[in-house]
Every structure is written in structure tokens, then in C-alpha cells.
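Reader: Can you put the model up and take me through it? I'd like the definitions as we go.

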Amino acid sequence: MEYRVIGQSVPKKEAGEKVTGRMQYSGDLIFPDLLIGKILHSPVPHARILNIDTSRASALPGVKAVITHKDTPHILTGRSVKDRPVLAWDRVHFIGDQVAAVAAVDEETAIEALDLIKVEYEELPAVFSPREAIEIGAPIVHPNLASYKSDAVLKPQGNILEQGRLVRGDTKQAWDKCYLIYEDDYSTPVVYQGFTQPHETTAAVDTLGRITVWASNKAPFILRQMIAQSLDLPIARIHIAAVAVGGDFGGKGTAQTEPICVLLALKSHRPVRLTLNREEELTATFLKEATTTHIKLGVSREGMLLAVQGHITYDTGAYCDLTGGMGRSCNDLHGPYRIPNVDLTANRVYTNNSPRGHMRAPPTPQPVFAMESHLDMVASKLGIDPVEFRLKNAVEEGDILPTGQKIMNPGIKETLRRTREYLRQEKGESRPNVGWGMASFQYHGMAIDPSGIIRDRKMTQSSAWVKFNEDGSVVLVSGVTEQGCGPLTIFSQMVAEVLGISYDDVSVVAMDTDATPFEYGTGASQTTSRVGFSVKMAAEDARDQLIAATAEKLSVEPASLVARGGRVYVQGDPKKGLSIAEAAAAATAQQGTPILATGAKLRKSKLMGASKEEWLDAPQHGTHAVQVEVDPDTGQVRLLKYFACHDVGFALNPQTVEGQIEGGVGFGVGYALSEAVLSRNGKTLNPNLTDYRIPTSLDMVDIKSELVEIPSISGPFGIKGLGEATNVPAAPAIANAIYNAVGVRVTNLPITPEKVYLALKDKSGK
Amino acid sequence: MPCLYMPLERTRMKKLITLIVNGTPSQLAVEPYRPLVDVLRDDMGLTGTKKGCGHGHCGTCTVMVEGKAVNSCLTLAVDLDGRNITTIEGVVADGQYHALQKAFIQEGAVQCGFCTPGIIMMAKALLDENPTPNEKEVREAIVGNICRCTGYAKIVKAILSAAEGR
């Protein structure tokens with residue numbers, strides 16, 4: 001099939017608005033009577049609230065509203081697990097918990113007002129590590145956990161929120177048959193999504209009492225539901241209005257500060273803007289979980305994987321916004337390999353640390369770092385090349401995973417072969433303190449989960465409309481948000497492709513709960529496949545209506561017509577036809593209204609209801625390779641070359657695909673080398689963007705991305721998901737490169753110069 | 001934060017200043033503690049300049065003062081009385097995109113777009129001083145501007161291609 005619009009690197013729809021600064025984000029709304037909102041956070045990690053006195057704050061000139069739990073219904077909320085209040089009413093669970101909020105005429109007055117709110121706390125024993133939290137007699141973070149509502153089946157126990165297990169064969173018997181058994185422990189730190197736009201909300205109430213919210217949020221319809229649920233308001237009273245989102249990476253898919261902003265606007269009767277500063281961002285928002293992992297792996301003399309046993313623990317902090325699915329975590333430990341004997345477990349544990357939520361490919365980077373580091377150690381002990389080792393063991397078409405699912409259209413082996421080819425060309429002579437490393441991954445978001453935790457099916461729906469204006473111009477209407485990964489662009493390309501018109505002829509209305517049909521939200525690497533399916537369906541419906549109208553007008557068979565080059569015409573006889581505008585006018589005349597085509601129910605009808613096997617169509621596979629240089633005197637690691645090979649199914653817009661890969665690599669480089677939110681007794685020690693080190697332009701090198709295109713059957717035009725997992729193999733690839741450069745294995749991220757230096761010293765001492 | 005060493009009422013006494021923003025002088029009454037970024041955004045409605053952290057850690061709010069790139073969150077507006085300030089709104093000339101803006105669109109250097117205005121201002125300051133930078137010079141110039149979306153690859157490429165096309 002030859003395409004004309006998709007497969008092309010057309011410029012992004014909204015790029016012009018963004019390079020000129022005209023693009024509107026949630027903090028860019030200007031109102032003459034705008035108030036500034038601020039939140040009072042708990043200074044203690046675990047306490048009972050005895051009293052909150054807001055009288056002095058309310059009396060301060062310039063303060064227009066002060067709210068506490070008394071202004072909220074006492075309803076627990078959360079995107080998946082409902083374990084937190086909008087404002088704490090009886091207990092605080094971490095340093096940073098939301099206790100009260102004010103709206104004032106300016107920021108200085110709001111900050112002054114926060115100082116005047118007096119809260120009496122009775123401190124309770126707190127627990128800061130999962131290891132302590134699972135001990136008998138440990139302080140219980142959520143005593144009423146069993147009664148909490150959740151849309152997943154969790155079976156909590158004490159501080160353990162959820163557990164997962166993946167079993168196949170018999171590991172106990174398998175160990176005897178192994179030529180080599182290797183065990184080790186790995187750990188990963190808490191990290192921050194690090195979007196450049198902080199969480200920022202503006203809310204205003206109109207004279208009819210309807211609330212409009214402009215939010216830095218990638219899931220407007222979920223946000224609307226959560227505001228309604230947590231404040232006990234009807235959904236119809238809430239309008240989430242269109243604004244661009246300045247980066248998400250998992251951190252902007254829930255309602256946390258938005259309900260507070262809404263309450264302040266309702267109470268003050270004025271528009272309110274509430275922006276988190278970076279100290280609040282790094283202390284009181286949902287960050288990525290720290291983990292500890294233990295792996296025991298057995299192989300044959302020939303390098304075939306025979307058995308794996310392992311356990312991974314996630315510290316979910318005081319609240320768990322979204323369960324990541326511990327079963328999925330077990331699958332991530334297992335990876336894209338054939339292993340006959342498997343016993344993997346995972347659990348997620350509450351502590352009084354700051355709360356943890358989603359961040360780019362949850363819960364995958366942590367187990368993949370552990371397993372891919374471990375595989376390299378085993379390969380090196382066996383004396384096998386790491387790429388060959390993975391090729392020997394990688395899954396193939398039709399393999400059955402331990403979940404019982406059959407794998408379809410896997411790209412892992414092809415990404416490994418391309419990586420082998422790249423390394424063959426690039427490797428060159430070995431140099432001291434310079435080494436190559438590689439790592440692979442498998443990711444399939446919510447699709448691989450032996451524990452069967454699938455959230456409410458209706459919720460993953462997408463719908464889209466393709467509308468014709470009376471002059472024949474085309475509008476795509478979708479609730480999808482644009483946080484940078486390019487949905488407005490690629491969906492316009494899809495519509496243009498199907499209708500046979502040009503990319504520039506498609507306008508988009510998006511991101512608005514009043515203007516668009518329901519949409520689950522941009523994320524989970526599902527946007528292009530799930531939303532794209534409904535967009536394609538709507539465009540095809542529109543095309544069929546155009547063809548039907550043309551057929552009637554010209555008295556020809558609909559089957560003989562095609563839509564191409566801005567016309568609908570008889571195939572083989574381009575002169576016999578109508579322009580798109582004429583065809584649309586004919587449809588309007590025949591139907592009495594311009595064309596409104598719809599596409600929907602994709603996830604339910606095409607995937608959700610499908611057989612178990614179809615679920616595993618198009619797992620995401622990829623392999624990264626990296627060359628590093630280590631300074632033995634300082635432990636400093638410098639990247640020299642980076643290669644990232646991903647199976648994308650089909651690249652709808654190659655430039656956008658590359659952009660996702662390059663950004664993902666940047667993400668992974670920070671995870672590998674510099675990023676960690678440090679805390680002691682629940683107190684964040686580095687809550688700013690200097691002490692929390694996101695990679696800069698000098699930390700990065702040019703990235704060579706290579707695309708494998710093995711089409712899926714479930715994605716529109718054969719595409720596979722991509723965005724999140726591009727960061728996943730970076731950290732283990734870099735750890736493996738450091739090992740190959742200087743012979744030290746660092747098993748706890750981030751691999752700071754200090755750790756490398758100490759490991760080198762340790763090694764030379766032996 | 002209000003100044004801690006002075007009573008709040010005194011720090012709030014507004015000062016009359018003239019800012020020449022994108023060539024147009026404007027008279028403004030501004031509290032002495034307010035950073036330029038807030039005055040641009042909240043008083044002048046120039047919201048193209050984004051505020052990422054307020055502490056000079058991210059470079060998102062970069063503007064040019066007398067041709068030099070500065071963090072507008074670390075620059076007090078009252079210190080700029082009578083000075084020339086260029087913001088992202090002043091980069092488009094006669095309705096035409098600047099070479100950098102064209103290159104950012106063409107090379108796909110824009111993702112979420114929040115860091116984009118600041119990086120374009122930083123790159124403009126670089127190209128105004130050094131019209132033909134190499135890759136290392138570009139990377140050094142934008143080292144204070146955090147971008148979380150792109151891994152900087154296409155941003156560096158766009159700045160180099162804008163320099164070439166000039």
C-alpha cells in the first residue's frame with residue numbers, strides 16, 4: 001500500500017504557535033480579577049490533626065478565600081486507588097500532604113496567609129522503608145485500607161497494597177540442571193518526571209455556576225470525573241478547557257491540586273491560578289517509585305536460560321495514585337525471553353514517604369534495569385557476546401509467554417540483529433576506559449498482566465468525529481491532549497490520508513471536554529493505536545459518506561469510486577468525479593446536514609473483547625547500545641555514542657518517532673547517571689532543579705535511531721506503541737557499558753561518579 | 001518571597017519605571033521585589049515567556065536584555081529602567097518567522113513547547129554574537145536550558161541549520 005500523507009515527516013500542527021510563544025498553557029490565562037492560590041502542606045510525616053485555626057489568615061487584607069477539609073465533602077479520591085483526601089481531615093500521611101489552601105490578591109499575600117494558619121498535630125510513629133513497613137508491628141500507614149475503593153482487585157495486607165506473581169514450570173527442580181547460577185540485588189531511586197511546565201491550574205466560575213478549568217493535565221475527561229467525584233459535584237458543571245500541556249511523562253494524569261483550585265474559585269467567586277513551585281513538585285506530587293530487586297538466574301553451558309527466580313518491591317509512599325500492576329512488573333522482570341522455569345513476585349508497599357504515581361513506562365524501567373544488568377553479568381561469566389546471548393533466548397512469533405498469551409509480530413530479534421550490525425561497524429579497536437554496552441526490553445503497557453488487573457473497560461475508550469464544514473473543509477474533533485508527542489499532527493495525517501486531501505486541509509479541535517467526545521487521555525503508549533483507531537474509523541466513515549453521495553449524484557457504483565488528490569472519482573477515470581467540496585455539498589443536500597462521521601469503541605470491540613492471544617499483538621520491543629568513557633580518577637562517565645533501535649510497526653511520522661526516541665534516551669540517561677530524589681525520614685533533601693540533576697545539552701550526545709517496522713494487526717496502519725518505553729533500556733545499557741569499560745558493576749541507580757570511583761578503588765584494592 | 005529584612009508595606013511601595021520591550025517603551029508601576037518574568041507575563045500580558053522554576057535553574061524564562069540572554073526570573077524589573085528587552089514576541093519580524101523559528105519547526109525540535117521560547121531566545125543571543133557556531137558551541141550555549149522532551153538532539157540540529165541558512 002502506498003501512502004501519500006502518513007509516513008511523511010510533516011511539521012507539527014501546533015509548532016508555529018509554540019515557536020512564537022503564542023501557544024496557551026494553563027498559567028497563561030489573564031483575568032483582571034485573578035487570585036493566586038497556595039497550598040499549606042504538612043510539615044510532619046505522620047500525624048493526627050487535632051485542630052486547624054484559619055481565623056488569622058482569613059482576616060489578613062487581600063485574602064479572599066481560605067479552605068480546609070471543612071469546605072470539602074469527606075470523600076477519598078485517587079485515579080485508581082481512592083486512598084487520599086483533597087484536604088486532610090483526620091490524618092496527614094507524609095511531609096507535603098495537603099492540609100489547607102488560600103486564595104489572595106497576590107502571591108506574597110497568599111504566602112503570608114499560609115504562615116498565619118495554625119495546625120495542631122499529634123505525631124504518630126512513621127515508617128520510611130518497605131522493608132520496615134512489612135515487618136510485624138510496623139506503623140500502619142492506612143489503617144482503613146481494606147475499606148478503600150479501587151477499580152482494581154488488590155487484596156491489600158497490612159502496608160502491602162498489592163502483590164503480583166508469575167509462575168511457570170518448576171524452578172526448584174531446575175537449579176540442579178543449570179551449568180551456572182548467578183544471584184544479585186539491584187536498586188533504583190525515586191525520580192521526578194521533570195516536565196518544564198510545573199503543575200498549574202486556573203479555574204473560574206461563571207454566572208450560571210459552571211466551573212471552567214484550564215489545567216496542566218493530559219487526561220481532561222479523567223480530571224473532570226475526579227474533580228466531580230472528590231468534590232461531589234455533577235460532571236455537567238465542570239468544563240475542562242483546551243490548553244497545551246508542557247510535558248507530562250506520567251505526572252499529569254490525575255487530579256491533585258486541581259480540585260483545590262476549583263474550591264478556591266467557588267469560595268472566592270473569582271478566577272484563581274494555582275501553580276506548584278519546584279519544592280512542592282519534588283516533595284508533594286506523585287513521583288516514580290524506588291525499588292529493590294533480587295534476581296537468581298540459571299543457564300545451561302550453551303547459554304540457554306533455564307530458570308529465573310526473583311522479587312521486586314516498590315515503595316509507593318503515602319498514596320498510590322495508579323496501580324502499576326505488580327503482575328506486569330513480574331513480566332517486565334521476565335522480559336522478551338524464553339525461560340522454561342519462572343517464579344517471579346512483586347509487591348507495592350505503603351510508607352510515609354512522598355506519594356508515588358506514574359512515570360514514563362510504569363512499572364518497567366526498574367525491573368528492566370535489574371534484569372538486563374543481570375543478563376550481562378551472566379553473559380560475561382559464560383564468555384558469550386551479550387547480543388548473541390539475547391538472540392539465543394529471545395521470543396519468536398507464536399511463543400507462549402508465562403501469562404498464557406501468545407506473542408504476535410515481535411520485533412525483538414530484528415532489533416538485536418540491527419544492533420549487532422551497528423556494533424560490528426562501530427566497535428573499532430578497544431581503548432582503555434572506553435566500553436560498549438547494550439540492553440533490550442519488552443513493554444506492552446496494560447496488555448500483559450497475569451493478575452488480571454484491568455481497569456474499568458469503558459474507561460479506555462476513545463472516540464473521534466470527522467466533521468465537514470459547509471465549504472467542504474474538514475475538522476477532526478478528538479478529546480486527545482497535546483503534551484508534545486504529536487497526536488494532533490499524526491491524527492491529522494491519518495484523516496488526510498483516508499480522505500485523500502492534504503495535511504494542511506485538516507483542522508483539529510481537541511483537549512476540551514465540552515467540545516469533544518470522551519477520551520481516556522494521552523498516555524500509556526496507547527494514544528496512536530487507540531485514539532488513532534477511532535480517528536481512522538471516523539475518517540473512513542466520512543470517506544464512505546462522500547463516496548455514497550458522489551455515487552448517487554453521478555449515478556455510478558460506490559465501489560468504483562476512490563477519494564484521492566482532493567477529489568472523489570471513478571478509479572481509472574479521474575475526470576469522472578467531484579471535488580471534495582462538491583462531494584461534501586452533495587452529501588449535505590442529500591442528508592440535510594453536513595457530514596458528521598464518528599469512530600469509537602476501539603478498545604472494547606477491537607482489543608478488550610478480543611481473545612487472550614490478540615492481546616499480545618505488537619509488544620513493544622527495542623534494543624539500545626551505548627559507548628561510554630569512564631575517567632578512572634574521578635569516576636565521571638561520559639557518553640560517546642548512542643544507538644537506539646525500536647520496532648515501531650509503522651512510522652506514521654518518522655521525525656516525530658525519532659523525537660520520541662531521542663527524548664526517551666535523554667530520560668534514561670538521567671535515570672542512569674544523575675537523577676535521584678533524596679530523602680531522610682520522609683523529608684526531601686534536594687527539592688530543586690539544581691540538586692536534582694536532569695541531563696543538559698552537554699550530558700547528551702547525538703542519538704542514532706533506527707526503526708524496525710514489523711506491522712501489528714491491531715494498530716491503525718500497523719503501528720505499535722512507542723513513546724514511554726524509549727527510556728527503558730538506557731540505564732542498563734549504560735551500566736553494562738561502564739562494566740565493559742572499567743570492569744565495575746554498579747547495581748544501584750543512579751551511577752554517580754562517586755559510586756564508580758569507590759567501586760574502582762574497591763576493585764584495585766582486591 | 002517578600003524581602004525578609006524590610007516591613008512588607010515598604011517593599012510593596014511601587015516604583016515607576018520604563019521598560020522598552022520589543023522596541024516599544026512602556027511605563028509601569030512595579031513593586032521592587034518583582035522579577036521581570038512576572039511583570040512581562042502578568043502586567044504586560046506577554047505570556048510567551050514561560051516560567052519554569054523561578055530560581056534560575058531551568059532557563060525556561062530566558063529573554064534578552066540589551067542583546068544578552070538572561071533568566072528573567074532572576075532579574076528584577078526595577079533594575080531594567082530604560083533598558084531594551086527582547087522577548088519571544090519580538091522575534092517574529094514583519095510577520096515572518098525568524099530563521100531559528102523556521103528551523104525549529106522544520107527539524108521537529110518542538111515537542112511540548114514550554115522550553116521552546118527560552119531556548120530560541122538563548123540561541124538568538126548565541127547567533128547574534130557567533131553566526132556560525134559548531135555543535136559544541138551550540139551545546140554549551142544552551143546548557144542552562146532544560147528540555148525534558150527532546151534529548152536536545154533536534155534542538156541542536158535546528159540551531160545549527162538556522163545558522164547555516166542565514
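Author: One definition to begin with: two residues are in contact if their C-beta atoms, placed from the backbone, lie within 7 Å. This is a predicted model, where local features need pLDDT of at least 70 and side-chain atom pairs count only at pLDDT 80 or more, while totals for chains, interfaces and linings use all residues. Residues are numbered from 1 along each chain as its sequence is written, and chains are lettered from A and ligands numbered from 1 in the order in which they are written.

Reader: Which residues of helix 3 of chain A are buried?

Author: E108(A), T109(A), A110(A) and A113(A). Buried means that 20 or more other C-beta atoms, placed from the backbone, lie within 10 Å of the residue's own. Helices (H or I, at least four residues) and strands (E, at least two) are DSSP runs, numbered from the N terminus.

Reader: And what covers the buried residues there?

Author: The cover includes strand 1 (35-41), helix 2 (55-59), strand 3 (63-67) and strand 5 (98-104) of chain A.

Reader: How much of chain A is buried?

Author: 61% of its 766 residues.

Reader: How many helices and strands does chain A have?

Author: 20 helices and 28 strands. The radius of gyration of chain A is 27 Å, close to the 27 Å from the globule rule for 766 residues, so chain A is as compact as a globular protein of that length. That radius is taken over C-alpha atoms, and the rule is 2.2 Å times the number of residues to the power 0.38.

Reader: Switching to the interface. How many residues of chain A are in contact with chain B?

Author: 47, against 43 residues of chain B. Helix 18 of chain A gives the most to chain A's side, with seven residues. By class, that side has 18 nonpolar, 21 polar and eight charged residues. Ala, Val, Leu, Ile, Met, Phe, Trp, Tyr, Cys and Pro count as nonpolar, Asp, Glu, Lys and Arg as charged, and the others, Gly among them, as polar.

Reader: Last one: at what angle do helix 13 and helix 14 of chain A pack?

Author: About 30°, with their axes 9 Å apart, for residues 487-499 and 527-554 of chain A. That makes helix 13 of chain A roughly parallel to helix 14 of chain A, a term for angles under 35 degrees. Axes are lines fitted to C-alpha atoms, for helices over the stretch in contact, and angles run from 0 to 180 degrees between N-to-C directions.

Reader: What classes of residue are in that contact?

Author: The contact of helix 13 of chain A with helix 14 of chain A has 11 nonpolar, three polar and three charged residues.

Terms used. Angles under 35 degrees count as roughly parallel, over 145 as roughly antiparallel, 65 to 115 as roughly perpendicular and the rest as oblique. A residue is buried if 20 or more other C-beta atoms lie within 10 Å of its own, exposed if 12 or fewer, and partly exposed in between; C-beta atoms are placed from the backbone.
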